[in-house]
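Dear colleague,

Please find below the structure that I am handing over to you. I would be grateful if you would read the notes after it with the coordinates open.

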Amino acid sequence: MLHEIPILDDVDARKLPYTESGGAKQVYLETYGCQMNVSDSEIVAAVLRKEGYGLTRDARSADVILLNTCAIRENAEQKVRHRLGHLQARKRKVGGALRIGVLGCMAERLRHKLLEQEKLVDFGGGPAASRALPRLLRESDETGQAAINVQLSREETYADIAPVRMDSNGVTAFVSIMRGCDNMCAFCVVPFTRGRERSRPVATIVDECRQLIDDGYKEVTLLGQNVNSYRDGAVTFAELLLRVSSLAPDLRIRYSTSHPKDCTDELLHVHRERANVCNYIHLPVQHGNTEVLQRMRRGYTVDEYLRLIGRARAICPDVSLSTDIITGFCGETEAEHTDTLALMEAVRYDHAYMFMYSERPGTYAARKYTDDVPQTVKKGRLSEVIQLQTSIAAENNQREIGRIHTVLSEGGSRRSTAQLRGRTDTNKMVVFDRQGYEKGQYISVRITACTSATLMGKAVGMTQQER
Ligand code: 5AD
Ligand code: SF4
């Protein structure tokens, strides 16, 4: 399962080759939700560009506005509905020519509702419908009627489409390796919006990574809802990592997301053996109580999970771990909630993504259980979880002070151009004075201070080789 990232509504038009296609219809594309959606938007951009569309960063001058959406929690959907309300108002102001489309998980989930009942959009396409977009756009233009394609696919992996890296910093890139999910966790809508699991052929992944290396990229994140079930013939995810990591010693490799029930020792050994496979693993636990995990249909017990953490730390010394946690799942008692806090204390994650349970229609939990933890209780428990995690992360970061890390510089810091920002091998953000260093370089940085979220440091030289 992947993560929500900040909304990208600021596409850098200078990096978009298709702004050259003057006269063509201009598309404005906004991405919500997880990294997979960012990757999907890059494919949508490639499909539209091939059809002669231009892409603009200015929504006001666009002929077509596309929202690539997320349905993981209700508030993700509310954000999009709110935005659609604004866009409809603009459309009424500028007349009928503007076309508004919804892509991604919300289009899949709400199907005809957004088009027919609420008349909020002119066309929509689920995550497997990118190739059909030009046709949907034409249909909507020609007929003035709503057009939609929400067919789920068992095969579509967009293996042959070279993504247009719209929001790229030129250093780090996402590469989708598989799509869909077969896990059916009780709370999760993803298997319904993204369909069955399917893996992209290994050769196309390796080719895409090679191209990124040629284009000067220094880090790839391999994406899938559950990368551990990647399979192309005899090639497992561990084998894929070996192949990608042997392309170039100075290409860092990360991935997201690993399901704890399928995280193998073979994979842990790849982390240990390959210097450029980052020493960081995201292992979403979701909860610290075995009965709740069973209700969630996660497929592991707390003991099994803790044993996995033990193996990860034994095989990969100093490995950095992060997780996802849900508070207030159906039937969660105070004692069960306390077990989550205890698990966090036991593992001491460097980072966690923490959420209140949000019932999603059609999921196992929505059909079989009652969403019976009051909102205020869910919220209170979430605050406790966040508070604990913040203090653990701050303590972990304190221990970094004085250490030297190899940081891959991703560009200027948000606050000041006199500073650079980048991540350690262990995925910790570091900010440091530029001192003449550049984006895309591996720099040795001595850590001098920290908050719970960021390390501050001083560059002490270039790093010749990764780690
Ligand atoms: N409510 C709250 N959080 C959810 N997640 C997935 N579905 C839900 C839901 N219905 C969380 C899980 C997952 C992360 C990406 O989002 O923790 O790992
Ligand atoms: Fe992740 Fe489970 Fe959702 Fe699949 S069903 S995307 S494994 S949380």
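This is a predicted model: local features need pLDDT of at least 70, side-chain atom pairs count only at pLDDT 80 or more; totals for chains, interfaces and linings use all residues.

Nonpolar cores

The largest nonpolar core comprises 71 residues, and the members that touch the most others are Leu222, Phe237 and Leu240. Helix 11, which spans residues 302–315, gives the most to this core, contributing 6 residues.

Once neighbours within four places in sequence are set aside, Phe237 is in contact with Ile177, Leu222, Val227, Asn228, Tyr230, Tyr255 and Leu267.

Helix 7

Helix 7 runs over residues 202–214 and has 13 residues. From its first C-alpha to its last it reaches 18 Å, close to the 18 Å expected at 1.5 Å a residue. Which of its residues are buried? They are Val202, Ile205, Val206, Glu208, Cys209 and Leu212. Viewed down the axis of helix 7, these buried residues fall within an arc of 160 degrees, and therefore they line one face of the helix. In an α-helix there are 3.6 residues a turn, so residues three or four places apart point the same way.

The buried residues of helix 7 pack against several elements: strand 7 (172–176), strand 10 (219–223), strand 11 (231–232), strand 12 (235–236) and helix 8 (237–245). Just after helix 7, Gly216 adopts a positive phi of about 95 degrees.

An open sheet is formed by 3 strands in the order 14-15-16, and their pairing is parallel. Strand 14 (280–282) and strand 16 (351–356) are its edge strands, each pairing on one side only. From one strand to the next, the twist averages 10 degrees. Strand 15 (residues 320–327) and strand 16 run parallel and are joined by 6 bridges. Asp324 stands opposite Tyr353 in strand 16.

A further 5 strands close into a barrel, in the order 17-18-19-21-20 and with mixed pairing. Its neighbouring strands are turned by 50 degrees against each other on average, direction ignored. Strand 20 (residues 442–450) and strand 21 (residues 454–462) run antiparallel, with 7 bridges joining them. Ile443 has Met462, in strand 21, as its bridge partner.

Yours sincerely

Technical notes. Residues are numbered from 1 along each chain as its sequence is written. Chains are lettered from A and ligands numbered from 1 in the order in which they are written. Side-chain values use heavy atoms; hydrogens and water are left out. A nonpolar core is a set of buried Ala, Val, Leu, Ile, Met, Phe, Trp, Tyr and Cys residues joined through side-chain atoms within 4.5 Å. Buried means under 20% relative accessible area, exposed over 50%, partly exposed in between (1.4 Å probe, protein chains only). Helices (H or I, at least four residues) and strands (E, at least two) are DSSP runs, numbered from the N terminus. Contact means heavy atoms within 4.5 Å. The expected span of a helix is 1.5 Å times one less than its number of residues. The arc is that of the directions from the helix axis to the C-beta atoms. Two strands pair if DSSP finds at least two bridges between them. Axes are lines fitted to C-alpha atoms, for helices over the stretch in contact, and angles run from 0 to 180 degrees between N-to-C directions.
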